[in-house]
Amino acid sequence: MSERPTESPSVWEVAASHFDRWRAGDGSALDDLVRLLSPMLWQVVRASGLDHSTAEDVVQTTWLALVRSGDSITEPRAVAGWLCTSARRESWRVAKQSGRQLPAEDEAIARRLPDEPPPEGQVVLDDDNARLWACVLRLPERCQRLLRIVAAEARPDYSAIATELDMPIGSIGPTRGRCLEKLRHELVQTGEF
Amino acid sequence: MAANSPNEPDDATLLAAIGRLWQQLDPPPVGLADGVLARIAAEDLEYELLTLVDGEGALAGVRHAAAEEPEDPGAWLLEYEGRDLRVYVRLTRIEERTRLDGWVVPARPVLAQLRLEGSDEPMQSEVDEFGRFEFSSVQPGAHRLTFTDIPRGSTRPMITPPFWI
């Protein structure tokens, strides 16, 4: 297992503490939780190929599901993962209803990412991101899309959570691994790392 | 996991960098969190929402009689699921009227109420010892069923999404 930077406290831990406060009856804790994790859910949902307004709706639906069934989450540190998984499933359900294909595995996921071109023209990237983006753009399109999905759900303390909850999320499948290897190759070629 | 030379970023580092890249490429709308909070506030959270168990690929939420069991247009079944309760609802067309009966599983003392959307007065039926409830004649329209523990306990009452009769 590779070394991970210790972020203290991690997003998951902060989320867990908000979630605990909310369940203890602190109403403002839900606001904190929503503000903390909605940007991540946005990435998860957008990565699965939904347009702006549908994506916003799915993020809202995901939170409603948490509010309604939050009692069923017994491990507070699982709340971020629970939200990501719910958001991804809801995205796929909505995408399926609107006639898009339903993905299953890596390969299938990679085929169904946004049809629209990435909005790189609309934003000014900082230097690091601009260099990375240039390398990402040299990858096969399928890899670009797949890595976006995987990155959207990347979890800072994945290993701890996976061990505790016996969840294989975040594991690097062979396709993702190959895409990452290609990206690493591009970065080394350009001397970025 | 591939062994990387010391200068090459590992998978987690790369994925984190890609995550940051997309945060910059595709930032969430400014009002995203506020929209979520407004939506939560607008929801009726007095109730736990029961979900329609979707066995046949029908759209969640509403099922119409005609589409349910083509071979038996006189009766159809809806199944809802909550955290610790499952509800089976049977609708039977008898000439001009519709009878609604059903079961809660596991059986427990709850009050079943059937509310026609837009009407204030719900019909009531106390669930019997076998978990059974019944409304012998139901008006056409969109209805929701609620289930409240007797005596009203610490759990929230449960409510189905609207369904059409």
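Mentor: A:Ala16 is buried, because 20 other C-beta atoms lie within 10 Å, where buried asks for 20 or more other C-beta atoms within 10 Å of a residue's own, exposed for 12 or fewer, and partly exposed is in between, with C-beta atoms placed from the backbone. This is a predicted model, in which local features need pLDDT of at least 70, side-chain atom pairs count only at pLDDT 80 or more, and totals for chains, interfaces and linings use all residues. Residues are numbered from 1 along each chain as its sequence is written, while chains are lettered from A and ligands numbered from 1 in the order in which they are written.

A:Ala16 sits in helix H1 of chain A; helices (H or I, at least four residues) and strands (E, at least two) are DSSP runs, numbered from the N terminus. The helix H1(A) covers residues 11–23, and its 13 residues reach 18 Å from the first C-alpha to the last, close to the 18 Å expected at 1.5 Å a residue, a span taken as 1.5 Å times one less than the number of residues. Among the buried residues of H1(A) are A:Trp12, A:Ala15, A:Ala16 and A:Phe19. Seen down the axis of H1(A), the buried residues fall within an arc of 165°, so they line one face of the helix, the arc being that of the directions from the helix axis to the C-beta atoms.

Leaving aside residues up to four places away in sequence, A:Ala16 touches A:Pro76, A:Arg77 and A:Val79, contact meaning C-beta atoms, placed from the backbone, within 7 Å. The C-alpha atoms of A:Ala16 and A:Ala80 are separated by 7.9 Å, although these residues are 64 residues apart along the chain.

Definitions and conventions:
Two residues are in contact if their C-beta atoms, placed from the backbone, lie within 7 Å.
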